[in-house]
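Here is a structure to look through, one question at a time. Each answer sets a value against a rule and then concludes.

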Amino acid sequence: MTRALVTGITGQDGSYLADLLLAKGYEVHGLIRRSSSFNTSRIDHLYQDPHEPDGRFFLHYSDLTDSSSLVTWLNRIRPEEVYNLGAQSHVGVSFEMPEFTADTAGMGTLRLLEAIRHAEWPVRFYQAGSSEMFGKVVESPQTERTRFQPRSPYAVAKVFGHQMTIQYREAYGLFAANGILFNHESPRRGPTFVTRKITRGVAAILAGREQKLYLGNLDARRDWGYAPEYVEAMWRMLQQPEPDDFVIATGEMHSVREFVDDAFALAGLDWQQHVEIDARYFRPTEVDELCGDASKARTMIGWEPKTTFHALVRLMLEADLREAGLDPSRLLTAATR
Ligand code: NAP
Ligand code: F7E
(Lines give C-alpha, C1' and ligand atoms only; values in the text may rest on other atoms or scores of the structure.)
(Ligands and ions follow the chains in the order given, each with its own letter.)
Protein backbone atom coordinates (compact mmCIF):
# COMPACT_ATOMS: atom_id res chain seq x y z
CA MET A 1 0.00 0.00 0.00
CA THR A 2 1.41 3.42 -0.95
CA ARG A 3 1.66 5.93 1.90
CA ALA A 4 1.12 9.63 1.25
CA LEU A 5 1.74 12.61 3.52
CA VAL A 6 -0.34 15.71 2.78
CA THR A 7 0.14 19.19 4.23
CA GLY A 8 -2.91 21.45 4.02
CA ILE A 9 -5.23 18.43 4.31
CA THR A 10 -7.99 20.54 5.91
CA GLY A 11 -8.10 22.90 2.90
CA GLN A 12 -10.11 22.64 -0.31
CA ASP A 13 -7.45 20.76 -2.29
CA GLY A 14 -6.18 18.66 0.62
CA SER A 15 -9.68 17.29 1.19
CA TYR A 16 -10.24 16.39 -2.47
CA LEU A 17 -6.76 14.88 -2.71
CA ALA A 18 -7.45 12.75 0.37
CA ASP A 19 -10.70 11.53 -1.25
CA LEU A 20 -8.78 10.64 -4.42
CA LEU A 21 -5.84 8.89 -2.74
CA LEU A 22 -8.08 6.85 -0.44
CA ALA A 23 -10.15 5.78 -3.46
CA LYS A 24 -6.91 4.62 -5.06
CA GLY A 25 -6.11 2.46 -2.04
CA TYR A 26 -3.45 4.70 -0.42
CA GLU A 27 -2.81 5.13 3.28
CA VAL A 28 -3.18 8.89 3.79
CA HIS A 29 -1.56 10.93 6.56
CA GLY A 30 -2.52 14.57 6.88
CA LEU A 31 -0.84 17.28 8.93
CA ILE A 32 -3.22 19.62 10.70
CA ARG A 33 -2.73 22.76 12.75
CA ARG A 34 -3.97 23.02 16.27
CA SER A 35 -6.93 25.38 16.32
CA SER A 36 -9.13 26.58 19.17
CA SER A 37 -12.16 25.53 17.15
CA PHE A 38 -12.70 22.57 14.81
CA ASN A 39 -11.00 23.01 11.41
CA THR A 40 -11.71 19.59 9.90
CA SER A 41 -15.16 20.10 8.37
CA ARG A 42 -13.91 19.25 4.84
CA ILE A 43 -12.45 15.91 5.94
CA ASP A 44 -14.83 14.85 8.70
CA HIS A 45 -16.42 12.35 6.30
CA LEU A 46 -13.04 10.54 6.08
CA TYR A 47 -11.86 10.49 9.63
CA GLN A 48 -11.67 7.14 11.33
CA ASP A 49 -10.49 6.09 14.73
CA PRO A 50 -6.68 5.74 14.43
CA HIS A 51 -6.91 2.62 16.62
CA GLU A 52 -9.16 0.88 14.10
CA PRO A 53 -7.15 -1.86 12.36
CA ASP A 54 -8.58 -1.06 8.90
CA GLY A 55 -8.10 2.71 9.11
CA ARG A 56 -6.19 4.25 6.19
CA PHE A 57 -6.64 7.92 7.08
CA PHE A 58 -4.64 9.56 9.87
CA LEU A 59 -4.21 13.11 11.14
CA HIS A 60 -1.20 14.48 13.02
CA TYR A 61 -0.56 17.87 14.58
CA SER A 62 2.14 19.89 12.86
CA ASP A 63 2.76 23.25 11.23
CA LEU A 64 4.83 24.34 8.24
CA THR A 65 6.57 26.85 10.50
CA ASP A 66 7.74 24.05 12.81
CA SER A 67 10.66 22.10 11.27
CA SER A 68 11.04 19.62 14.07
CA SER A 69 7.46 18.38 13.79
CA LEU A 70 7.82 18.08 10.00
CA VAL A 71 11.00 16.00 10.40
CA THR A 72 9.40 13.87 13.12
CA TRP A 73 6.26 13.02 11.13
CA LEU A 74 8.14 12.43 7.89
CA ASN A 75 10.40 9.89 9.62
CA ARG A 76 7.61 8.22 11.57
CA ILE A 77 5.27 7.86 8.59
CA ARG A 78 7.94 7.15 5.93
CA PRO A 79 5.64 8.17 3.03
CA GLU A 80 6.50 7.40 -0.59
CA GLU A 81 4.67 10.55 -1.73
CA VAL A 82 4.50 14.00 -0.10
CA TYR A 83 2.03 16.64 -1.30
CA ASN A 84 2.78 20.12 0.00
CA LEU A 85 -0.56 21.94 -0.14
CA GLY A 86 -0.34 23.90 3.13
CA ALA A 87 0.00 27.68 2.95
CA GLN A 88 -1.57 30.98 3.91
CA SER A 89 -3.22 30.93 0.48
CA HIS A 90 -5.25 34.15 0.39
CA VAL A 91 -3.61 36.76 -1.86
CA GLY A 92 -5.41 39.72 -0.27
CA VAL A 93 -4.51 38.59 3.26
CA SER A 94 -0.86 38.20 2.20
CA PHE A 95 -0.56 42.01 2.01
CA GLU A 96 -1.59 42.18 5.66
CA MET A 97 0.47 39.18 6.81
CA PRO A 98 3.47 39.08 4.45
CA GLU A 99 5.86 37.50 6.94
CA PHE A 100 3.53 34.66 7.93
CA THR A 101 2.66 34.08 4.27
CA ALA A 102 6.34 33.83 3.34
CA ASP A 103 6.98 31.59 6.34
CA THR A 104 4.31 29.06 5.27
CA ALA A 105 4.24 29.25 1.46
CA GLY A 106 7.98 29.92 1.03
CA MET A 107 10.04 28.73 4.00
CA GLY A 108 7.55 25.95 4.75
CA THR A 109 8.39 24.42 1.38
CA LEU A 110 12.11 24.63 2.10
CA ARG A 111 11.66 23.02 5.53
CA LEU A 112 9.84 20.10 3.96
CA LEU A 113 12.37 19.72 1.13
CA GLU A 114 15.22 19.75 3.60
CA ALA A 115 13.53 17.04 5.69
CA ILE A 116 13.01 14.92 2.55
CA ARG A 117 16.64 15.43 1.44
CA HIS A 118 17.77 13.55 4.55
CA ALA A 119 15.18 10.76 4.19
CA GLU A 120 16.73 7.34 3.79
CA TRP A 121 14.06 6.05 1.42
CA PRO A 122 12.84 7.43 -1.94
CA VAL A 123 10.20 10.16 -1.60
CA ARG A 124 8.28 11.86 -4.40
CA PHE A 125 7.41 15.49 -3.66
CA TYR A 126 4.62 17.67 -5.09
CA GLN A 127 4.76 21.44 -4.65
CA ALA A 128 1.54 23.46 -4.95
CA GLY A 129 2.66 26.31 -7.17
CA SER A 130 0.31 28.99 -8.43
CA SER A 131 -0.57 30.99 -11.55
CA GLU A 132 -0.21 34.03 -9.26
CA MET A 133 3.54 33.64 -9.85
CA PHE A 134 2.97 35.00 -13.40
CA GLY A 135 1.51 38.16 -11.86
CA LYS A 136 1.84 41.06 -14.30
CA VAL A 137 1.83 38.70 -17.24
CA VAL A 138 4.44 39.11 -19.96
CA GLU A 139 2.54 36.90 -22.47
CA SER A 140 -0.79 35.15 -22.80
CA PRO A 141 -1.61 32.34 -22.40
CA GLN A 142 1.03 31.45 -19.82
CA THR A 143 3.07 28.23 -20.11
CA GLU A 144 5.80 26.53 -18.04
CA ARG A 145 8.31 28.78 -19.85
CA THR A 146 6.60 32.12 -19.14
CA ARG A 147 8.65 34.46 -16.94
CA PHE A 148 7.32 35.13 -13.42
CA GLN A 149 6.42 38.72 -12.36
CA PRO A 150 4.79 38.19 -8.95
CA ARG A 151 2.52 40.96 -7.64
CA SER A 152 1.86 40.05 -4.01
CA PRO A 153 3.71 38.71 -0.97
CA TYR A 154 1.85 35.42 -1.58
CA ALA A 155 3.10 35.18 -5.16
CA VAL A 156 6.69 36.07 -4.20
CA ALA A 157 6.61 33.32 -1.55
CA LYS A 158 5.27 30.82 -4.10
CA VAL A 159 8.07 31.72 -6.54
CA PHE A 160 10.55 30.94 -3.73
CA GLY A 161 8.86 27.55 -3.14
CA HIS A 162 8.83 26.80 -6.86
CA GLN A 163 12.49 27.66 -7.43
CA MET A 164 13.56 25.82 -4.28
CA THR A 165 11.76 22.71 -5.53
CA ILE A 166 13.75 22.90 -8.79
CA GLN A 167 16.92 23.56 -6.78
CA TYR A 168 16.48 20.40 -4.70
CA ARG A 169 15.59 18.38 -7.80
CA GLU A 170 18.75 19.48 -9.59
CA ALA A 171 21.19 19.54 -6.66
CA TYR A 172 20.15 16.36 -4.86
CA GLY A 173 18.25 14.39 -7.49
CA LEU A 174 14.96 14.50 -5.55
CA PHE A 175 11.83 13.50 -7.40
CA ALA A 176 10.26 16.94 -6.93
CA ALA A 177 7.50 18.24 -9.22
CA ASN A 178 5.93 21.69 -9.40
CA GLY A 179 2.31 22.14 -10.31
CA ILE A 180 1.51 25.63 -11.59
CA LEU A 181 -2.19 25.56 -10.93
CA PHE A 182 -4.56 28.25 -12.11
CA ASN A 183 -7.60 29.12 -9.96
CA HIS A 184 -9.72 26.11 -9.13
CA GLU A 185 -12.96 26.26 -7.23
CA SER A 186 -15.66 24.03 -5.78
CA PRO A 187 -18.34 23.90 -3.10
CA ARG A 188 -15.44 23.34 -0.65
CA ARG A 189 -13.72 26.60 -1.66
CA GLY A 190 -12.97 28.93 1.25
CA PRO A 191 -15.79 31.48 1.64
CA THR A 192 -13.53 34.54 1.28
CA PHE A 193 -12.34 33.67 -2.24
CA VAL A 194 -14.37 35.55 -4.81
CA THR A 195 -16.23 32.66 -6.51
CA ARG A 196 -17.53 31.14 -3.30
CA LYS A 197 -18.21 34.56 -1.84
CA ILE A 198 -20.46 35.24 -4.84
CA THR A 199 -22.33 31.90 -4.79
CA ARG A 200 -22.83 32.08 -1.02
CA GLY A 201 -23.92 35.69 -1.38
CA VAL A 202 -26.53 34.82 -4.01
CA ALA A 203 -27.85 31.99 -1.81
CA ALA A 204 -28.09 34.36 1.20
CA ILE A 205 -29.99 36.92 -0.89
CA LEU A 206 -32.38 34.26 -2.19
CA ALA A 207 -32.94 33.05 1.36
CA GLY A 208 -33.80 36.62 2.38
CA ARG A 209 -30.92 36.82 4.86
CA GLU A 210 -28.94 39.49 2.95
CA GLN A 211 -29.75 42.26 0.51
CA LYS A 212 -26.28 43.24 -0.69
CA LEU A 213 -23.00 41.59 -1.70
CA TYR A 214 -19.85 43.70 -1.29
CA LEU A 215 -17.02 43.04 -3.76
CA GLY A 216 -13.80 44.64 -5.03
CA ASN A 217 -12.36 44.67 -8.55
CA LEU A 218 -14.92 43.22 -10.97
CA ASP A 219 -12.60 43.68 -13.97
CA ALA A 220 -10.01 41.08 -12.90
CA ARG A 221 -10.00 38.07 -15.21
CA ARG A 222 -9.15 34.53 -14.17
CA ASP A 223 -8.91 31.02 -15.61
CA TRP A 224 -11.29 29.13 -13.29
CA GLY A 225 -11.45 25.30 -13.19
CA TYR A 226 -13.00 22.63 -10.96
CA ALA A 227 -10.87 21.57 -7.98
CA PRO A 228 -11.44 17.75 -7.98
CA GLU A 229 -10.02 17.61 -11.51
CA TYR A 230 -6.95 19.61 -10.44
CA VAL A 231 -5.97 17.26 -7.59
CA GLU A 232 -6.02 14.40 -10.10
CA ALA A 233 -3.30 16.32 -12.00
CA MET A 234 -1.18 16.52 -8.81
CA TRP A 235 -1.33 12.75 -8.42
CA ARG A 236 -0.50 12.18 -12.08
CA MET A 237 2.61 14.38 -11.79
CA LEU A 238 4.00 12.03 -9.15
CA GLN A 239 3.37 8.89 -11.25
CA GLN A 240 5.70 9.99 -14.11
CA PRO A 241 9.09 8.41 -14.80
CA GLU A 242 10.81 11.81 -14.30
CA PRO A 243 9.89 14.84 -12.18
CA ASP A 244 8.80 17.93 -14.11
CA ASP A 245 6.74 21.12 -13.88
CA PHE A 246 3.23 21.47 -15.32
CA VAL A 247 0.69 24.23 -15.91
CA ILE A 248 -2.83 23.08 -15.03
CA ALA A 249 -5.57 25.33 -16.42
CA THR A 250 -8.68 25.44 -18.61
CA GLY A 251 -7.32 27.92 -21.18
CA GLU A 252 -10.47 30.07 -20.81
CA MET A 253 -10.59 33.43 -19.09
CA HIS A 254 -13.62 35.17 -17.53
CA SER A 255 -13.97 38.34 -15.48
CA VAL A 256 -15.27 38.53 -11.93
CA ARG A 257 -18.16 40.54 -13.43
CA GLU A 258 -19.05 37.61 -15.72
CA PHE A 259 -19.03 35.23 -12.74
CA VAL A 260 -21.34 37.60 -10.85
CA ASP A 261 -23.61 38.04 -13.84
CA ASP A 262 -23.86 34.28 -14.41
CA ALA A 263 -24.57 33.42 -10.77
CA PHE A 264 -27.24 36.12 -10.26
CA ALA A 265 -28.87 35.32 -13.64
CA LEU A 266 -29.17 31.63 -12.69
CA ALA A 267 -31.02 32.77 -9.58
CA GLY A 268 -33.26 35.05 -11.65
CA LEU A 269 -31.77 38.17 -10.01
CA ASP A 270 -30.36 41.40 -11.44
CA TRP A 271 -26.88 41.69 -9.94
CA GLN A 272 -26.80 45.46 -10.35
CA GLN A 273 -29.52 45.69 -7.68
CA HIS A 274 -27.46 43.73 -5.17
CA VAL A 275 -23.71 44.20 -5.74
CA GLU A 276 -21.88 47.13 -4.14
CA ILE A 277 -18.22 47.93 -4.65
CA ASP A 278 -16.21 48.13 -1.43
CA ALA A 279 -12.71 49.61 -1.64
CA ARG A 280 -11.53 47.31 1.17
CA TYR A 281 -11.44 44.42 -1.27
CA PHE A 282 -9.05 46.08 -3.73
CA ARG A 283 -5.41 44.99 -3.47
CA PRO A 284 -2.38 47.30 -3.42
CA THR A 285 -1.17 45.56 -6.58
CA GLU A 286 -3.64 43.54 -8.65
CA VAL A 287 -3.17 40.72 -11.14
CA ASP A 288 -5.35 41.87 -14.02
CA GLU A 289 -5.58 38.66 -16.01
CA LEU A 290 -4.42 35.06 -16.01
CA CYS A 291 -4.98 32.41 -18.65
CA GLY A 292 -3.07 29.11 -18.78
CA ASP A 293 -1.95 26.83 -21.58
CA ALA A 294 -2.03 23.25 -20.24
CA SER A 295 -0.82 21.62 -23.51
CA LYS A 296 2.21 20.06 -21.82
CA ALA A 297 0.01 18.41 -19.17
CA ARG A 298 -2.36 17.15 -21.85
CA THR A 299 0.48 15.57 -23.82
CA MET A 300 2.70 14.28 -21.03
CA ILE A 301 0.37 13.31 -18.18
CA GLY A 302 -2.89 12.90 -20.11
CA TRP A 303 -4.70 15.57 -18.08
CA GLU A 304 -7.40 17.87 -19.38
CA PRO A 305 -10.18 19.93 -17.81
CA LYS A 306 -13.76 18.76 -18.13
CA THR A 307 -15.98 21.20 -16.25
CA THR A 308 -16.90 24.38 -18.14
CA PHE A 309 -17.14 27.84 -16.58
CA HIS A 310 -20.97 27.83 -16.68
CA ALA A 311 -21.16 24.32 -15.19
CA LEU A 312 -18.81 25.40 -12.40
CA VAL A 313 -20.92 28.44 -11.49
CA ARG A 314 -24.03 26.26 -11.46
CA LEU A 315 -22.62 23.45 -9.34
CA MET A 316 -21.23 25.89 -6.76
CA LEU A 317 -24.51 27.79 -6.62
CA GLU A 318 -26.55 24.60 -6.29
CA ALA A 319 -24.41 23.49 -3.33
CA ASP A 320 -24.76 26.87 -1.62
CA LEU A 321 -28.51 26.88 -2.12
CA ARG A 322 -28.69 23.45 -0.50
CA GLU A 323 -26.54 24.70 2.37
CA ALA A 324 -28.92 27.65 2.82
CA GLY A 325 -31.86 25.23 3.02
CA LEU A 326 -33.16 26.14 -0.46
CA ASP A 327 -34.16 23.85 -3.32
CA PRO A 328 -31.52 24.06 -6.10
CA SER A 329 -34.10 23.08 -8.73
CA ARG A 330 -35.40 26.65 -8.51
CA LEU A 331 -32.32 27.83 -10.44
CA LEU A 332 -33.03 28.76 -14.03
CA THR A 333 -31.78 26.57 -16.85
CA ALA A 334 -30.07 27.85 -20.00
CA ALA A 335 -33.43 27.48 -21.81
CA THR A 336 -35.41 29.50 -19.27
CA ARG A 337 -32.91 32.36 -18.85
P1 NAP B 1 -6.84 26.50 1.35
O2 NAP B 1 -8.23 25.95 1.20
O3 NAP B 1 -6.64 27.89 1.82
O4 NAP B 1 -6.05 25.49 2.33
C5 NAP B 1 -4.80 25.83 2.83
C6 NAP B 1 -4.35 24.75 3.78
O7 NAP B 1 -3.08 25.14 4.35
C8 NAP B 1 -5.30 24.53 4.97
O9 NAP B 1 -5.33 23.16 5.27
C10 NAP B 1 -4.61 25.30 6.09
O11 NAP B 1 -4.92 24.86 7.38
C12 NAP B 1 -3.16 24.99 5.75
N13 NAP B 1 -2.21 25.87 6.42
C14 NAP B 1 -2.25 27.21 6.54
N15 NAP B 1 -1.21 27.66 7.27
C16 NAP B 1 -0.50 26.56 7.62
C17 NAP B 1 0.67 26.35 8.40
N18 NAP B 1 1.32 27.36 8.99
N19 NAP B 1 1.12 25.08 8.57
C20 NAP B 1 0.46 24.05 7.99
N21 NAP B 1 -0.65 24.18 7.25
C22 NAP B 1 -1.12 25.43 7.08
O23 NAP B 1 -6.04 26.35 -0.04
P24 NAP B 1 -6.38 25.44 -1.32
O25 NAP B 1 -7.24 26.21 -2.22
O26 NAP B 1 -6.75 24.10 -0.86
O27 NAP B 1 -4.94 25.40 -2.01
C28 NAP B 1 -3.99 24.37 -1.69
C29 NAP B 1 -2.59 24.86 -2.05
O30 NAP B 1 -2.55 25.17 -3.44
C31 NAP B 1 -2.16 26.12 -1.33
O32 NAP B 1 -0.77 26.04 -1.11
C33 NAP B 1 -2.46 27.23 -2.33
O34 NAP B 1 -1.61 28.31 -2.10
C35 NAP B 1 -2.17 26.52 -3.63
N36 NAP B 1 -2.91 26.96 -4.80
C37 NAP B 1 -4.27 27.05 -4.77
C38 NAP B 1 -4.95 27.40 -5.93
C39 NAP B 1 -6.46 27.48 -5.95
O40 NAP B 1 -7.00 28.08 -6.90
N41 NAP B 1 -7.17 26.88 -5.01
C42 NAP B 1 -4.25 27.65 -7.11
C43 NAP B 1 -2.86 27.52 -7.10
C44 NAP B 1 -2.20 27.16 -5.95
P45 NAP B 1 -6.22 25.43 8.17
O46 NAP B 1 -7.42 24.72 7.60
O47 NAP B 1 -5.93 25.08 9.58
O48 NAP B 1 -6.27 26.90 7.92
O1 F7E C 1 -9.56 36.65 -6.21
C2 F7E C 1 -10.99 39.82 -7.27
C3 F7E C 1 -9.58 39.83 -6.71
O4 F7E C 1 -9.23 35.85 -3.88
C5 F7E C 1 -9.80 36.56 -7.60
C6 F7E C 1 -5.97 31.61 -4.46
O7 F7E C 1 -6.45 30.28 -4.41
O8 F7E C 1 -6.05 31.63 -6.85
C9 F7E C 1 -6.51 32.30 -5.69
O10 F7E C 1 -6.07 33.66 -5.68
C11 F7E C 1 -9.97 37.95 -8.17
C12 F7E C 1 -8.88 38.94 -7.74
O13 F7E C 1 -8.38 34.49 -5.84
C14 F7E C 1 -13.26 40.34 -4.49
O15 F7E C 1 -9.07 41.16 -6.63
C16 F7E C 1 -13.01 41.12 -6.49
O17 F7E C 1 -8.49 39.70 -8.83
O18 F7E C 1 -10.78 34.57 -5.42
P19 F7E C 1 -9.55 35.37 -5.25
P20 F7E C 1 -6.90 34.84 -6.32
O21 F7E C 1 -6.41 36.10 -5.73
O22 F7E C 1 -6.91 34.75 -7.81
C23 F7E C 1 -4.63 31.60 -7.01
C24 F7E C 1 -4.31 30.84 -8.27
C25 F7E C 1 -3.93 31.11 -5.80
O26 F7E C 1 -2.87 30.51 -5.90
C27 F7E C 1 -4.44 31.58 -4.48
O28 F7E C 1 -4.01 30.72 -3.45
O29 F7E C 1 -11.19 38.48 -7.68
N30 F7E C 1 -12.03 40.19 -6.30
N31 F7E C 1 -13.76 41.23 -5.39
C32 F7E C 1 -12.17 39.68 -5.08
N33 F7E C 1 -11.47 38.72 -4.43
C34 F7E C 1 -11.86 38.39 -3.18
N35 F7E C 1 -11.20 37.41 -2.51
N36 F7E C 1 -12.92 39.03 -2.55
C37 F7E C 1 -13.65 40.00 -3.15
O38 F7E C 1 -14.59 40.55 -2.60
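Two residues are in contact when heavy atoms lie within 4.5 Å. This is a predicted model.

Q: Which residues does Thr7 touch, not counting residues up to four places away in sequence?
A: By that contact rule, Thr7 touches Leu31, Leu64, Tyr83, Asn84, Leu85, Gly86 and Leu112. Thr7 itself is found in strand S1, residues 3-7.

Q: Why is Thr7 called buried?
A: Buried means under 20% relative accessible area. Thr7 has 2% relative accessibility, so Thr7 counts as buried.

Q: What makes the pair of Thr7 and Gly86 a polar contact?
A: The rule asks for N or O atoms within 3.5 Å, one able to donate a hydrogen and the other to accept it. A polar atom of the Thr7 side chain lies 2.9 Å from the backbone nitrogen of Gly86. That distance is within the cut-off, so the pair meets the distance part of the rule.

Q: Why is Ala23 called exposed?
A: Exposed means over 50% relative accessible area. Ala23 has 70%, so Ala23 is exposed. Ala23 is found in helix H1, residues 12-23. Its C-alpha atom is separated by 39 Å from that of Tyr214, 191 residues apart along the chain.

Q: Why is Arg78 called partly exposed?
A: Arg78 has a relative accessible area of 39%, so Arg78 is partly exposed. Arg78 sits in the loop between helix H2 (67-77) and strand S4 (81-84). Its phi is positive, near 50 degrees, in a residue other than glycine.

Q: Why is Val202 called buried?
A: The cut-off is under 20%. Val202 has 0% relative accessibility, so Val202 counts as buried. Val202 lies in helix H6. Val202 touches Ala263, Phe264, Ala267, Leu269 and Leu317, not counting residues up to four places away in sequence.

Q: What covers the buried residues of H8?
A: The cover includes helix H6 (194-206), strand S8 (213-215), strand S12 (254-255), strand S13 (275-277) and helix H10 (309-323). The buried residues of H8 (residues 256-266) are Val256, Phe259, Val260, Asp262, Ala263, Phe264 and Leu266. H8 is followed by Gly268, whose phi is positive, near 70 degrees.

Q: How do you know that the peptide bond from Ser140 to Pro141 is cis?
A: Its omega is near 0 degrees. Pro141 is in the loop between strand S5 (124-130) and helix H5 (153-172).

Q: Into which domains is the protein divided?
A: Domain 1 is 3-185 + 224-248, and domain 2 is 194-221 + 253-286 + 309-331. Their centres, taken over C-alpha atoms, are separated by 28 Å.

Q: How do you know that domain 1 and domain 2 touch?
A: Contact needs heavy atoms within 4.5 Å. Nine residues of domain 1 are in contact with 14 residues of domain 2. The area buried between domain 1 and domain 2 is about 990 Å², and carbon and sulfur atoms give 69% of that area.

Q: How many salt bridges and polar contacts are found between domain 1 and domain 2?
A: The salt bridge count is zero. The polar contact rule finds three residue pairs across the interface. On the side of domain 1 that touches domain 2, helix H3 (91-96) and strand S10 (225-226) are the elements that give two or more residues. H3 gives the most, with three residues. The residues of this side divide into four nonpolar, three polar and two charged.

Definitions and conventions
Residues are numbered from 1 along each chain as its sequence is written. Chains are lettered from A and ligands numbered from 1 in the order in which they are written. This is a predicted model: local features need pLDDT of at least 70, side-chain atom pairs count only at pLDDT 80 or more; totals for chains, interfaces and linings use all residues. Side-chain values use heavy atoms; hydrogens and water are left out. Domain bounds come from an automatic or database domain assignment. Buried area is the accessible area (1.4 Å probe) that two parts lose on being put together, summed over both. A salt bridge is a side-chain nitrogen of Lys or Arg within 4 Å of a carboxyl oxygen of Asp or Glu. Helices (H or I, at least four residues) and strands (E, at least two) are DSSP runs, numbered from the N terminus. Ala, Val, Leu, Ile, Met, Phe, Trp, Tyr, Cys and Pro count as nonpolar, Asp, Glu, Lys and Arg as charged, and the others, Gly among them, as polar. Buried means under 20% relative accessible area, exposed over 50%, partly exposed in between (1.4 Å probe, protein chains only).
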